[in-house]
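Colleague: Thanks for sitting down with me. Could you walk me through this one?

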Amino acid sequence: SLASSDDETATGLSPPPRKKVCLELTAAQCSYNEGDMQSSDAVRETETERMKTSIASTAKLPNSVNSNGVHDAINGNSEKATLATVKLPKDEQDIVRLIGQHLLSLGLNRAAEELVQESGCMLEHPIAVKFKTCVLEGKWDKAETLLMEFRPMLKSEKNLKKIKFLLLEQKYLELIEDNKEIDALTCLRNEITSLKYSIDRVHELSGLIMCNNKEDLRMQASWDGKGILSRQKLMDKLQGFIPPTLLLPPNRLRMLLRQAMDLHRERCLIHNTKITEESLLIDHSYNRHNLPCITKQILTDHCDEVWYLQFSHDGQKLATGSKDTSIIIWKLNDGKFERVQKFQGCSDSISCLAWSPDDKYLLACGSENSSDATILNVETGETHCRVHNHPEDQLMMGDWAKDGQKFIVAGPKGQFYECNGRYAVLNISGQGLHLWDIKTSCLVRKFRGVKQGNFAIHSCFGGIDDSFVASGSEDHEVYIFHVRHESPVAVLSGHNKTVNCVSWNSKEASIIASASDDCTVRIWGPSDSDNEDECTYF
């Protein structure tokens with residue numbers, strides 16, 4: 001057995017709590033590094049030998065069942081056990097432990113017992129289980145005693161000190177909340193300070209003794225107060241210092257499966273839909289035709305080259321600006337965009353448009369010859385105000401602050417960019433399309449295919465989780481890239497002149513719009529069949 005009754009009597013430990021979520025380890029599941037133990041420490045050698053003897057016992061399944069419907073072997077009592085029927089290698093034992101833990105979390109106790117019986121694998125070490133129970137019940141002295149029991153199996157003395165410090169910190173805070181200031185000071189001076197660990201944190205803890213009430217204590221300590229919530233958070237921290245061979249992380253199998261599914265989905269370069277339900281029984285697959293790949297509508301109301309366009313934040317409106325100085329507002333109605341407003345009051349060609357956060361106003365900037373910026377009221381169709389700068393300045397770009405109370409305008413530097421909080425994508429004349437990491441100021445990727453020489457081209461992020469970048473090009477195409485891949489995943493054909501700007505609908509991940517020197521705006525959507533020829537996939 002893992003922990004015989006004689007061993008428990010000798011150490012003065014009470015039988016481990018019979019909780020149906022706790023299972024033990026067999027000898028094959030615990031590994032020890034003799035080089036980590038100090039041969040000069042007679043006490044630790046004795047502890048090590050006793051622990052090895054306990055763990056080396058044969059894993060068995062008793063015939064008795066406790067009040068929770070879980071066999072006693074699952075909770076550390078294996079006096080009436082039978083021999084395991086198979087001998088499994090280490091990786092297979094880990095899998096069995098994960099399955100056993102998941103079965104118990106589902107309440108399938110008898111299935112877990114059968115698994116234990118046939119495999120000979122107990123899930124968690126009884127001393128670690130008792131330690132966890134003491135932490136959750138706030139029995140700090142007993143938890144510290146049990147900590148010394150599995151001290152030989154910790155990776156380092158530093159981990160031991162971290163665990164003790166976190167235990168005593170929780171104990172100290174609970175004593176303060178219980179208005180036991182004398183006991184709290186004793187804990188701070190005699191126990192916490194003697195560890196000589198994290199002096200800065202010790203100084204912070206000493207100041208908490210002056211808190212006026214529980215609410216003040218919880219706020220200053222960033223703590224949830226005495227109870228199961230703060231103790232569970234403490235146990236989650238401690239779990240990082242306790243080897244998983246002793247105590248399995250909670251819901252480990254579910255976490256691993258979720259990570260595997262997320263990774264599989266992230267590797268798919270054409271995934272562009274929200275997943276409501278996904279099966280573990282099949283590999284992730286995605287229909288590439290859900291990308292915006294065919295022309296759904298062509299807007300021809302502009303009389304000259306269309307230089308810029310942008311969808312509103314609610315995805316229901318589209319603003320387009322032209323070299324002919326006009327701005328047209330389109331609204332989505334029954335799957336088609338209809339013209340609802342046309343502004344003719346701008347003094348120059350339109351090189352930039354930006355919706356206010358509430359979609360009530362539209363900021364418009366002119367060409368390189370313009371020093372004005374105009375604010376339009378989309379609801380009333382009137383000009384809200386104009387911004388005049390020095391005649392020699394050029395106000396070609398602009399955007400709104402998040403609160404919608406301010407906006408920023410700027411002149412050209414030869415580079416135009418779009419950012420999504422983490423990355424910025426830049427169209428650079430003569431160099432093409434680049435992806436930069438804003439936090440690290442590093443070039444992440446140079447996208448291939450986009451042609452840009454003489455004209456300003458505006459790209460955008462879009463799709464599910466902003467996983468894609470769409471850009472126009474001087475070769476008349478629209479290019480769609482995945483942010484993790486330098487080659488395009490799709491190229492959209494239809495325009496017959498330079499594509500100046502692309503905008504991705506933030507609410508409808510399968511809709512993008514493109515503006516071109518051919519005086520048209522194209523709305524692109526998903527394909528209805530495999531026979532469409534407007535899109536080339538890679």
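Modeller: Gladly, and a definition comes first: buried means under 20% relative accessible area, exposed over 50%, and partly exposed in between, with a 1.4 Å probe and protein chains only. This is a predicted model, where local features need pLDDT of at least 70 and side-chain atom pairs count only at pLDDT 80 or more, while totals for chains, interfaces and linings use all residues. Residues are numbered from 1 along each chain as its sequence is written, and side-chain values use heavy atoms, with hydrogens and water left out.

Colleague: Is serine 441 buried or exposed?

Modeller: Serine 441 sits in the loop between β14 (432-437) and β15 (442-447); strands (E, at least two residues) and helices (H or I, at least four) are DSSP runs, numbered from the N terminus. Its phi is near 55°, a positive value in a residue other than glycine. Because its relative accessible area is 55%, serine 441 is exposed.

Colleague: And where does asparagine 251 lie?

Modeller: Asparagine 251 also has a positive phi, near 50°. With a relative accessible area of 45%, asparagine 251 is partly exposed. Its place is the loop between α11 (228-239) and α12 (252-266).

Colleague: Which strands stand at the edges of the open sheet?

Modeller: The sheet has four strands in the order β2-β3-β4-β5, with antiparallel pairing; two strands pair if DSSP finds at least two bridges between them. Each edge strand has a single partner, so one side of each is left without a neighbour in the sheet, and these strands are β2 and β5 (336-343).

Colleague: How many bridges join β13 and β14?

Modeller: Five of the six residues of β13 (423-428) are buried, so this strand is largely enclosed by the rest of the structure. Isoleucine 428 stands opposite glycine 432 in β14. The two strands pair in the antiparallel sense, and the number of bridges is six.
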